[in-house]
Amino acid sequence: MRTNFDFTPLFRSSIGFDRMLNALETASRIETVDNWPPYDIAKTAEDAYRITMAVAGFAQDELDLTQEQNMLMVSGQKAGEDKSEYLHRGIAGRAFQRRFELADHVKVVDASLVNGLLTIDLKREIPEEMKPRRIEIAADKAMPKGATKKIEADKQAA
């Protein structure tokens with residue numbers, strides 16, 4: 001049993017949260033869970049992450065890695081059809097496409113394929129203008145003691 005949430009009232013009363021609400025809405029629409037190829041996500045440092053996917057049987061030129069805005073897509077397609085007659089086939093060679101939703105300012109910094117494992121290194125790089133900065137408070141020029149402000153008005157005779 002699935003429960004669908006209507007986020008429309010939140011769109012009307014919030015400003016700047018539309019991307020987060022869209023992500024929640026997209027996550028609630030996922031119907032089938034495809035668990036192939038298996039993958040791990042690890043946090044390797046404060047702002048660094050690593051995705052490791054088991055893509056046994058795929059060559060480097062049969063894999064495609066694409067980042068569009070906040071979406072990372074990993075896909076694999078076998079180049080040719082295998083004409084062999086198998087008695088048992090346990091190594092999957094079917095095409096796949098796996099999507100990862102990335103947070104703002106997360107970029108792919110490296111990708112490598114070693115021993116059937118595709119490793120993708122990610123890093124969050126916050127722009128300088130978005131980092132917290134200290135703002136100096138200027139000291140107000142104090143008036144000397146005993147000095148008072150005078151307000152002068154023109155005197156007019158009646």
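Predicted model: local features only at pLDDT ≥ 70, side-chain atom pairs only at ≥ 80, totals over all residues.
Residues are numbered from 1 along each chain as its sequence is written, and side-chain values use heavy atoms, with hydrogens and water left out.

Let's start with the sheet. Strands here are DSSP runs (E, at least two residues), numbered from the N terminus, and two of them pair if DSSP finds at least two bridges between them. Three strands make an open sheet in the order S3-S4-S5, with antiparallel pairing. S3 and S5 stand at the edges with a single partner strand each, so one side of each has no neighbour in the sheet. On average, neighbouring strands of this sheet are turned by 15 degrees against each other, direction ignored (the axes are lines fitted to C-alpha atoms, and angles run from 0 to 180 degrees between N-to-C directions).

Now look at the pairings themselves. S3 and S4 are antiparallel over six bridges, and Leu 65 stands opposite Val 74 in S4. These two strands form a hairpin with two residues between them, and Gln 69 in the turn has a positive phi of about 50 degrees. On to S4 and S5: six bridges join this antiparallel pair, and Met 73 stands opposite Arg 99 in S5.

Next come the charges. Side chains of opposite charge can pair when their charged atoms come close. A salt bridge here means a side-chain nitrogen of Lys or Arg within 4 Å of a carboxyl oxygen of Asp or Glu, and the whole structure has four of them.

One of them joins Arg 124 and Asp 47, with the closest N and O atoms 3.2 Å apart. Arg 124 lies in strand S7 and Asp 47 in the loop between S1 and S2, so this pair ties together parts that are 77 residues apart in sequence. How open are the partners? With buried meaning under 20% relative accessible area, exposed over 50% and partly exposed in between (1.4 Å probe, protein chains only), Arg 124 is partly exposed at 26%, and Asp 47 is partly exposed at 27%.

Another salt bridge brings Glu 62 and Lys 78 together at 3.5 Å, N to O. Glu 62 sits in the loop between S2 and S3, and Lys 78 in the loop between S4 and S5, 16 residues apart. Glu 62 is buried at 14%, whereas Lys 78 is partly exposed at 29%.

Key. Helix = DSSP H or I, 4+ residues; strand = E, 2+ residues; numbered from the N terminus.
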